[in-house]
Amino acid sequence: MLHDSVILRVVVKLLLPPILLYALYVQAHGEYGPGGGFQAGVTVAAAMILYTLIFGVPEAQRVVPFAVVRTMVPLGVLIYGGVGIVGLMLGSHYLDYTVLAASPPDGNHIGVVLVEIGVFVTVSGTMLSIFYSFSSKIEDGEDAD
Amino acid sequence: MEVLANINQWVTIFLMVAGLYIVVARGNMVKKLIGLGVFQTSVYLLYISPGKIIGGTAPIISPDFTVYSNPLPHVLILTAIVVGVATLAVGLALVVRINEAYDSIEEDEIYAQEHDA
Amino acid sequence: MSSLHLPALLVVVPLLSAPLCALLPGRLSWFVAVVVSLATLAITWAVHDRVLAEGVISYMIGNWPSPLGIEYRIDEANAFVLLLVAGVGAVVALWGRESVAAEVGRRQERWYWTMYLLALAGLLGVTITGDAFNVFVFLEISSLASYVLIGFGRDRRALTAAYQYLIMGTIGATFFVIGVGLLYTMTGTLNMADLAARLPLVEETRPVHAAFAFLVVGISLKLALFPLHLWLPNAYAYAPSVTTAFLSATATKVAVYMFLRFFLSIFGGAELFELLALPDILLVLSLAAIFAASTVAIFQSDVKRMLAYSSVAQIGYITLGIGIGTRLALTGGIVHLFNHAVMKGALFLLLGGIAYRIGNVTLDRLAGLGRRMPVTTAGIVIAGLSLVGTPGTVGFVSKWYLAQGALERGWWWLVALIVVGSLLPVVYLGRVIEAAYFRPAPADSALHEATPQMLVTAWILVVACVWFGLDTSLTVDVASRAAEALWRGQ
């Protein structure tokens, strides 16, 4: 098993913080540069998958439980749509972000940042929940053998 | 070279036909989905190609440039890619369930199981 | 929020309630689905009224002006289809509580209703949007949700049926998007009204012809036009009852609407429709659908499968209305779109009630059901009579208009074929009724009626079958206005 190797465990522990930090950088950069919620979400999910590969599913589920992951998927969509609804509440059209701040460009900025957060939550949640579903299936199979 | 001038379109057509052929000709459900993926990829190229103007730049208005490429196809295709990924995910999830139910992902074997029973 | 935003809310409410449904505990999910579909119906009603009073409504998503941004554009035609989808959606959701809990299981229930709301949002989105690419996006939202809705079926064949539908549906959607892409390349716009205005300028070019062909095949796959219907019978037969009732009444109807919108409104000005002989092809395929699918239906022993084949045949009547090509026939087609949704919805819901009690709905198991479940079987008889086209039911109204359309053209043979085609359902429904009323019930069965909730909601649709058959003013008026709107183009 992978988690028997000391080298792998140490290397992964060293790698995880930069990966997560880089994901945050990509996320924060998203509204006017290459990057955004999709890429950041996948990066975070990749970090968690790496962690799971080395430390096993039970350990990973202690860090991010399945229930949390499953909540994240719909939650992100709600954040995205909610931003659109706020535009509606503030008297403009659905998904019009220009009314979120005093000046339209600032409003667009805020809107896109919020939407990217929603995307991030959904994408990372989806990737992890797919991975968890399959990995727990494999673990079950091994128990049966 | 007349033919090479439309290289993007030729590649599009090749991917389209090849993908569709895989979907029709293969009995393995995962391979069918791969074919479907190739087929959808051809659409991405179909949209992106006319959007690019040679010599055009990214559409951020600046006094230094006069020719801009059309950004809309990229946005559309980003959406189409997400749709494609979602389709693939649902398809694979179904294949996993089918494998659990039939112990096979070969169409002819599943067909045989249904019709013997 | 003023009524100005109703078009956006129409899609956004079900779309955002779907994730909400997934977050809430399972028992609440049905409740959310019902409240949302009723709210959607109310919004649709308001929008429909406004369209009738004020004419075309246009709404800009994100406040981007029309050709640049996505426009929601509602005229008489899609207001009518919206009302149909939301109405069926509400009835089916009201009906479905026990059925879904029994067939899908309590654990999966909330995911089922989540997918249901997504499918509803997708179908409404396809109908309401005025942007060709947006149609594709909503189409895929609804399709992906319906693959899952079918895959929830108890039978393992539901999985293969869903897979088959996924392959066919994705090919259809991709063909559609290729067509849209070619149109975009040639005209530089995705807005439907703009497309309609610009297409005549480029109609003689080969990419536009190719686009036309891709769109025809793509949309026909989605609407299960005769030779492209192979995904439909299995998908409907093995899906959970709620899915079958919902999809048979809405999904193919929305695809028919897409067909009308693209080939009458968008290509209408370009006259390609006539040029490429599409009406003749449609005419032949529709007749083939009516006769071939009805004949196959006669030999089915699974009643759900029988009605699924009958759906293919009934879709033939709708496309026949397009194929005949006169305004009266088109009105008939659109009325039939509504009528078929009502009667097939009623039939599948009633069958769902039987399935809730006895499991599989095969002809053998229906034996003696006329006495065990009298209210349900009476409903099946009435909706069945409507399917045949008995005067006084909705089925008669649409066939009357189709026949009149054929007469306008002087096609007596077609009138004869329509009448003969209507007799085929007598045979297959006769088998159902014979089993239910004239065969003795198995002695051991302690069978009793479906739950009151199921009966009441299913009977709403049964009553609608008769109501709209007697009072044709509502449906026919709206349908002829819709036909007018589609013909007028933009």
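This is a short tour of a predicted model, stop by stop.

**Before selecting anything**

Residues are numbered from 1 along each chain as its sequence is written, while chains are lettered from A and ligands numbered from 1 in the order in which they are written. Because the model is predicted, local features need pLDDT of at least 70 and side-chain atom pairs count only at pLDDT 80 or more, whereas totals for chains, interfaces and linings use all residues.

The model scores ipTM 0.93 and pTM 0.92. The mean for chain C is 87, and 96% of its residues reach 70 or more.

**Stop 1: chains B and C**

Show chains B and C together. Here 26 residues of chain B are in contact with 22 residues of chain C; contact means that the C-beta atoms of two residues, placed from the backbone, lie within 7 Å. On the side of chain B that touches chain C, helices H3 (29-51), H4 (72-102) and H5 (107-116) each supply at least two residues. Helices (H or I, at least four residues) are DSSP runs, numbered from the N terminus. H4(B) gives the largest share, 14 residues. By type, this side of chain B has 19 nonpolar, four polar and three charged residues. Nonpolar covers Ala, Val, Leu, Ile, Met, Phe, Trp, Tyr, Cys and Pro; charged covers Asp, Glu, Lys and Arg; the others, Gly among them, are polar.

**Stop 2**

Residues making the contact include A:Leu75, A:Leu78 and A:Gly81 of H4(A) and C:Val12, C:Leu16 and C:Pro19 of H1(C). The contact residues divide into 13 nonpolar, three polar and no charged.

**Stop 2: two residues with positive phi**

Go to B:Asp103, in the loop between H4 and H5 of chain B. Its phi is about 65°, although B:Asp103 is not a glycine. B:Asp103 is exposed (12 or fewer other C-beta atoms within 10 Å of its own, placed from the backbone), with 10 such atoms.

Then select C:Ala224, in the loop between helix H9 (206-223) and helix H10 (232-238) of chain C. Phi of C:Ala224 is near 60°, also positive. C:Ala224 counts as buried, with 29 C-beta neighbours inside 10 Å; the cut-off for buried is 20 or more.

How values were computed. pLDDT = per-residue confidence, 0-100.
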